[in-house]
Amino acid sequence: MITLTHVGKQYGRIHTALADVSFHIDAGEFIFLTGPSGAGKSTLLKLLFREQVPSTGEIRVAGHRLASMPDKEIAVLRRKMGVVFQDFKLIRTMTVFENVAFVLKILGVSHAEQKQRTFRALKMVGLQHKLASYPMQLSGGEQQRVAIARALVNDPLVLVADEPTGNLDPDLAQEIMTLFERINGQGTTVLVATHDRNLIQRMRKRLIGLDHGRVAFDYPAATSTVVLGPPAEASRPVDGPRL
Ligand SMILES: Nc1ncnc2c1ncn2[C@@H]1O[C@H](COP(=O)(O)OP(=O)(O)OP(=O)(O)O)[C@@H](O)[C@H]1O
């Protein structure tokens, strides 16, 4: 579903955000992407939905070759993807309902179906009672959940999320991850960038670590908890790789 081959990304002439990154993600996998601040996580996600173009290497997502992709194909790619941005990117002049329904409207989905699917997505994140509110009237955590509903409303093939639980308390963060797991169970490939070591430990998914723009580790699902230690509730985490 996603393949990166020797991908590099330079910002300007000298700043290397990613260098020689290669990995493959099968359809239906659930992956955590982690690493210290500045490691290149957001850059990597931006390359996947073609907000950025790699400086070197090749990226394939859902059958599209991103590095050499004509602009008109970008919309086709994005229709297959749900993206949760670090800064939410909600439209402040639109209600919660309108923000979530927007993508369906663009795709020409009927009004009745827009209503039904938007309500379903908002219910998934527990915000069906806020559909008439504006983003400014919501807490940071609620805005984040609206951004998640918007990413899910189109039943994407691939869900990409940048720190989707950054503003949520631990219980809500776990709920959102359980929701992602359910979406993943329906066949959506899920890639989540996070610093949240506890969440990673609890979820026991494949874990790719970046450091200084390079892949530092790639642990299969079964071993990530062994390497990082059990979640903090069970016992103190052992020293593991720097996240
Ligand atoms: N638009 C940009 N122009 C120049 N440099 C950038 C740009 N975006 C990111 N960088 C740099 O590229 C590197 C990787 O940044 P990136 O945002 O991908 O890291 P990150 O792992 O997502 O960090 P964080 O966890 O803090 O969000 C950093 O050194 C950052 O300063």
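**The sheet and its strands**

Modeller: In this predicted model, an open sheet of 4 strands runs in the order S2-S1-S4-S5, with antiparallel pairing. S2 and strand S5 (64–65) stand at the edges, each with a single partner strand, so one side of each is left without a neighbour in the sheet. Residues are numbered from 1 along each chain as its sequence is written. Because the model is predicted, local features need pLDDT of at least 70 and side-chain atom pairs count only at pLDDT 80 or more, while totals for chains, interfaces and linings use all residues. Strands (E, at least two residues) and helices (H or I, at least four) are DSSP runs, numbered from the N terminus, and two strands pair if DSSP finds at least two bridges between them.

Strand S1 (residues 2–11) pairs with S2 in the antiparallel sense over 7 bridges, and Gln10 has Thr16 in S2 as its bridge partner. The hairpin of S1 and S2 has 3 residues between the strands, and in it Gly12 takes a positive phi near 70 degrees. S1 also pairs with S4, again antiparallel, over 5 bridges, with Thr5 standing opposite Glu58 in S4. Strand S4 (residues 56–61) is in turn joined to S5 by 2 bridges, and here Val61 stands opposite His64 in S5.
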